[in-house]
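This briefing concerns the structure shown below.

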Amino acid sequence: MRIGDFKETYAADEALLRTPPVRFWMAVFGVALVVFPWVAGDYPVYLADLVGITVISALGLNLLTGFTGQISLGHAAFMGVGAYTAAALSSRWGLGLWATLPAAGGVAAAFGLVVGAPSLRIKGLYLAMATLAAQVIAEFGFVHLESITGGIRGINVPPARLGPLEFGTDRALYAVIVAVAALATWFAANLKRSAPGRAFVAVRDRDIAAEIMGVPLFGTKLRAFALGAFYAGVAGALWAYFMKVVTPEHFPLSLSIHYLAVIIVGGLGTVIGSVFGAVFMTLVPEILRGLASLARPHYPEAMVLLSPMTDVVFGGLIVGFLLFEPHGLAEIWQRTKRFFRLWPFVH
Amino acid sequence: MLRKGLAMAVGILMAVPAFGADTIKVGASQPLTGRFAFAGVQLNQGLADVFAWINENGGIKGRKIEYIFEDSGYQVDRAVAVFKKIMAEHKPPMFYGESTGQGKALAPEITKTYKILYGSTSFSSELANPEKYPYTFVSGPTYSDMFGVLLEYIAKNPKGGKPTVAFFYSDTEFGKDPIPYARKKAKELGVDVVAEIVTKVGAVDVTSEVLELVKKKPQYVIIHGFVLSPIPQVIRGSKDYGLDISFMGTFWSMSQMIIDKLGEDADGYMGINPYAYYYETDVPMIQKIRAFNQKAHPDVKHRPNSYLQGWFTGMVFAKCAEICLENGWEITGDNLVKALESIRDWDVGGLMPPVTFVNHKVPVGRVYRADAAKKRFVPVSDWIRLQ
């Protein structure tokens, strides 16, 4: 049992990682992230990249929906805008990551501002409908703005570059994705503790009260939209480099809903929840599929039946989690930590 | 007791690897779930069955084929994940993919790193391009070729005066893929394209589309880019207006499903299929496939054309491996591609006419017409080979 947590300086009080055990485990985690691509095979590295991209995008949606309470069904559209921006810039002008990532985020954020504009007047399900419209319009744009998006056939994306470095393989791209994901997480964790972050939460909890306290409603909501879309745009750009091709089929409405599921399963309004949600929603179907494929040598035919079953089990797991812990995996994590912290003197 | 159980478990585990080290592996990511599952399950079964059949008949020069597949749900990221997983675990020299999207996403890595022979469910014209996709092949005609075959048929069978046609396609990659080629080909053949109608997949209200047909009165309409809906609605709609139009479909809309759905209205519906149908019992290869199914799957009465695509693709994989073994080449992607390109007039027992790969595809097909009373498609042309 840990007792006492004294702070002697303001710096200590402001630290993001407050206690030695937390710092220790974060260091271990950091080392593990660095070592991972050297020891893991192609397939785990591929999955890690996928998780990383999901983390970045889910953080964006969590800032918008979890923290600020602005439900969005257009997250895939934001990702798509970012992906096309990066793909167009790098395939036409051969620009490197230093330009394409910020540009992808920026263009997506601008699109987010437009989509977020109705949020002053409408909220809840109505806002969901407005963002749904954005999704549909974006999908239409991806298909029909052929001069930019390459239409139905999309754009073949050259490998990501940064100066003399080329990130052509999943393993090389892993470095970029982890760095960006770490930066994104760090920024979100800090934002949460700052005045703009608290303004987000105030708007979510009671918008009228927030306004009376001097939180500019419209500005805050727009900021959340821009920020959420920026994250999504960056994630979309990484997706483009990762998939090496961008077509309109990559960003359907179902992806937007998938991201809502990610943050709900992970934990709305928590930073770590976005990470847990991304890991859970990406890896669990893979694990289930791996389990199903264990049956292959014994009953090859069974795979055909087991494969749809994995979706059912996955759906059941999500429902189960939500029933037993509506606050998501983040809350389960907190409870587990509390258990060990208080052990053996849990009252 | 426990020890006995353990010993048994170990015994079972040891007995399982029936495949020796010298098997020839084929990997596959199959859309067993998701919106393409209706075909994916059959494609997968076709591949699994053809390999089982080849193995029963002595394998390829005595070597067995091992088929390793996993579900990929018709999602490009999952499909690529399955590809990487199977490549990491089994390193097969041949792989079967689930979609055009997967083929495009994997192409740079297949060309640079993996170097394996890659076939897929896709008939996309884009993928049949050995310069851009050196390891990819299309196991049949591309969608462009399908239009080519249908247009040649139309040019030879005008219904009075100059032949006219309308293209009716979906707003998707699948739908738009062959259109530029089709326009060019129609011009060459002297077929007038009187209308191009683009609509969404699964559209229910097609009144305006049908009115367009009423206005333009084409002799033929080629519908492409849909599996089912809105094909029945369009055909019924135009019948209500008393139009005498021959509707034609491409591969995915030429399965039994459409005859069942249309009922009596199916009469006269035409289209192209590059493979013989399961009920063409005079075709030697179909007889073999039926015999295999009777033994392995006694409950199965019918197999759709997607199953036969799987079967044929499996034959191609096996043939390429066989050519490598005959010539004493190691079974690698490069040699398999060389083998594929060397195939000339390969007799496949009538499943297709003698096969020669041109630009990694087989530009051949046959026009069939639905007979509603018999509930099946009957051929109305001979095999048409594009030049």
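Glu286(A) is buried, with a relative accessible area of 7%; buried denotes a relative accessible area under 20%, exposed over 50%, and partly exposed the range in between, calculated with a 1.4 Å probe on protein chains only. Its partner in a salt bridge is Arg289(A), and the closest N and O atoms are 2.5 Å apart. A salt bridge here requires a side-chain nitrogen of Lys or Arg within 4 Å of a carboxyl oxygen of Asp or Glu.

This is a predicted model, in which local features need pLDDT of at least 70 and side-chain atom pairs count only at pLDDT 80 or more, whereas totals for chains, interfaces and linings use all residues. Residues are numbered from 1 along each chain as its sequence is written, chains are lettered from A and ligands numbered from 1 in the order in which they are written, and side-chain values use heavy atoms, with hydrogens and water left out.

**Salt bridges within a chain**

- Arg289(A) also counts as buried, at 2% relative accessibility.
- Both Arg289(A) and Glu286(A) belong to helix H13 (residues 271-294) of chain A, where they are three residues apart, about one turn of the helix; helices (H or I, at least four residues) and strands (E, at least two) are DSSP runs, numbered from the N terminus.
- In chain B, a salt bridge links the side chains of Asp49(B) and Arg303(B) at 3.9 Å, N to O.
- Asp49(B) lies in helix H2 of chain B and Arg303(B) in the loop between helix H11 (284-296) and helix H12 (305-326) of chain B, so this pair ties together parts that are 254 residues apart in sequence.
- Asp49(B) is buried, with a relative accessible area of 3%, and Arg303(B) counts as buried at 6% relative accessibility.
- Arg153(A), Lys104(B), Glu126(B), Lys132(B), Glu173(B) and Asp177(B) are joined into one network by salt bridges that share partners.
- Over all chains, the count by this rule comes to 30 salt bridges.

**Interface of chain A and chain B**

- In total, 33 residues of chain A are in contact with 35 residues of chain B, contact meaning heavy atoms within 4.5 Å.
- The area buried between the two chains is about 3000 Å², of which carbon and sulfur atoms give 57%; buried area is the accessible area (1.4 Å probe) that two parts lose on being put together, summed over both.
- Five salt bridges are found across this interface.
- One salt bridge pairs Glu109(B) with Lys244(A), with the closest N and O atoms 3.4 Å apart.
- Another pairs Glu126(B) with Arg153(A), with the closest N and O atoms 3.7 Å apart.
- Glu126(B) lies in the loop between strand E4 (117-120) and helix H5 (143-156) of chain B, and Arg153(A) in the loop between helix H7 (146-149) and strand E1 (155-156) of chain A, so the pair joins two chains.
- Glu126(B) is buried, with a relative accessible area of 10%, whereas Arg153(A) is partly exposed at 33%.

**Helices**

- Helix H2 (residues 37-56) of chain B has 20 residues and reaches 28 Å from its first C-alpha to its last, close to the 28 Å expected at 1.5 Å a residue; the expected span is 1.5 Å times one less than the number of residues.
- Because 15 of its 20 residues are buried, H2(B) is largely enclosed by the rest of the structure.
- After H2(B) comes Gly58(B), with a positive phi near 95°.
- The 24 residues of helix H8 (residues 170-193) of chain A should span 34 Å, which agrees with the 34 Å between its end C-alpha atoms.
- Buried residues of H8(A) include Asp170(A), Leu173(A), Tyr174(A) and Val176(A).
- Ser90(A) is placed in helix H4 (residues 75-92) of chain A and is buried, with a relative accessible area of 5%.
- Neighbours within four places in sequence aside, Ser90(A) is in contact with Leu95(A), Thr100(A), Val157(A), Pro158(A) and Tyr241(A).

**Strand E7 of chain B**

- Five of the five residues of strand E7 (residues 220-224) of chain B are buried.
- Tyr220(B), Ile222(B) and His224(B) point one way from E7(B), and Val221(B) and Ile223(B) the other way.
- E7(B) pairs in the parallel sense with strand E5 (residues 164-170) of chain B over five bridges; pairing requires at least two bridges found by DSSP between two strands.
- His224(B) in E7(B) is the bridge partner of Tyr169(B).
- E7(B) also pairs in the parallel sense with strand E8 (residues 246-249) of chain B, over four bridges, and Tyr220(B) stands opposite Ser246(B) in E8(B).
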